[in-house]
Amino acid sequence: MPEDLETLLKDVANADRLPEAALRALVPHAGALSVRLEALARRRMEGEWLYPEEESLLFYGLFVLAAARAHDFWPTWRELLTGCADGLDGLFGDGAAMSVRGITLGLVAEDVASVADLAGGLEVSASVRSGLVTALARLTSEGRYPRHRFLDLIDALAALEATARRRQGRSEA
């Protein structure tokens, strides 16, 4: 397995399926990888089209950063969660909630309260919210977030959902 960054990036960007060995080999290069992913994330948030290889690198690279616990990428991840028109469904597809959960858990460090803020906000898509709530449930079970605040968030989200359903019912009538 090659160890140099450029070869590993090409392996990941051009992979037809999950390149596990290349992903593992990229973990020590997380610092350099985060610079490249930052640029791709910014382009995506600005609505620019990414080449398929760039989308693959962003997709797989986010998991590498999470595995490497690259906490310095957390602010960019937060922006990506709220700044993409497709809510990241275009990047993660049907697995968006699980992907958001895993990446969030790897990147969050001590800023756990911001996970709750994002989950409770209206600026994230339903699949992103689902991923954030499941990440926050895990963080709560680890004692990193107060249980009573997690329950308050769940209550607030239930009320938000009920309000949205009532509004939808009125608009269909």
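Buried here means under 20% relative accessible area, a cut-off that applies to the residues named in the views below, all of which come from a predicted model.

**View 1. Helix α9 and its buried residues.** Helix α9, which runs over residues 126-141, has 16 residues and reaches 23 Å from its first C-alpha to its last, close to the 22 Å expected at 1.5 Å a residue. The buried residues of this helix are Ser127, Val128, Arg129, Gly131, Leu132, Val133, Ala135, Leu136, Leu139 and Thr140. Just after α9, Gly143 takes a positive phi of about 80°.

**View 2. The largest nonpolar core.** This core has 56 residues, and those with the most contacts inside it are Leu62, Trp77, Leu88, Leu132 and Leu136. Helix α4, residues 52-67, gives the most to this core, with 7 residues. In soluble globular proteins, nonpolar side chains tend to be buried together.

**View 3. The surroundings of Leu132.** When neighbours within four places in sequence are left aside, Leu132 is in contact with Leu81, Val100, Thr104, Val115, Leu118, Ala119 and Val124. Leu132 is also one of the buried residues of α9.

**View 4. Glu54 in helix α4.** Glu54 lies in helix α4 and counts as buried because its relative accessibility is 19%, the cut-off being under 20%. A polar atom of the Glu54 side chain lies 2.8 Å from the backbone nitrogen of Tyr51. Beyond its neighbours within four places in sequence, Glu54 is in contact with Leu40 and Arg43.

Note on methods. Residues are numbered from 1 along each chain as its sequence is written. This is a predicted model: local features need pLDDT of at least 70, side-chain atom pairs count only at pLDDT 80 or more; totals for chains, interfaces and linings use all residues. Side-chain values use heavy atoms; hydrogens and water are left out. A nonpolar core is a set of buried Ala, Val, Leu, Ile, Met, Phe, Trp, Tyr and Cys residues joined through side-chain atoms within 4.5 Å. Buried means under 20% relative accessible area, exposed over 50%, partly exposed in between (1.4 Å probe, protein chains only). Helices (H or I, at least four residues) and strands (E, at least two) are DSSP runs, numbered from the N terminus. Contact means heavy atoms within 4.5 Å. A polar contact is a pair of N or O atoms within 3.5 Å; within protein, one must be able to donate a hydrogen and the other to accept it, and residues adjacent in sequence count only if both atoms are side-chain atoms. The expected span of a helix is 1.5 Å times one less than its number of residues.
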